[in-house]
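Dear colleague,

Here is the structure for you to look over. My notes follow below.

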Amino acid sequence: MDGQVITTIAVAIPVLGFLWTIHRDVSGLRERMARVEGLIEGLAGRGAPAKNLGAGARYQISEPRASAG
């Protein structure tokens with residue numbers, strides 16, 4: 001093996017390790033963000049689906065209407 005192949009391998013291994021670390025960090029962040037979003041929805045009282053609105057629901061989602069054009 002000549003010097004270029006060894007250099008390419010020596011640079012590729014740390015770069016792949018760095019990319020793998022970023023991948024793990026982003027997946028962990030995605031899980032934490034989903035947890036926080038769930039907490040915020042629960043605090044805002046938006047946990048009830050549109051079809052099963054309770055008496056204390058603050059909003060209602062309506063179906064989109066077709067244009068009359």
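Of the chain's 69 residues, 0% count as buried (under 20% relative accessible area, with a 1.4 Å probe and protein chains only). This is a predicted model: local features need pLDDT of at least 70, side-chain atom pairs count only at pLDDT 80 or more, and totals for chains, interfaces and linings use all residues. Numbering starts from 1 along each chain as its sequence is written, and side-chain values use heavy atoms, without hydrogens and water.

The chain has one helix and zero strands (DSSP runs: H or I of at least four residues for helices, E of at least two for strands, numbered from the N terminus). The 42 residues of H1 should span 62 Å at 1.5 Å a residue (1.5 Å times one less than the number of residues). The end C-alpha atoms of H1 are 61 Å apart, which agrees. Just after H1, Gly 45 has a positive phi of about 75 degrees.

Ile 22 sits in H1, residues 3-44.

Best regards

Terms used. Buried means under 20% relative accessible area, exposed over 50%, partly exposed in between (1.4 Å probe, protein chains only).
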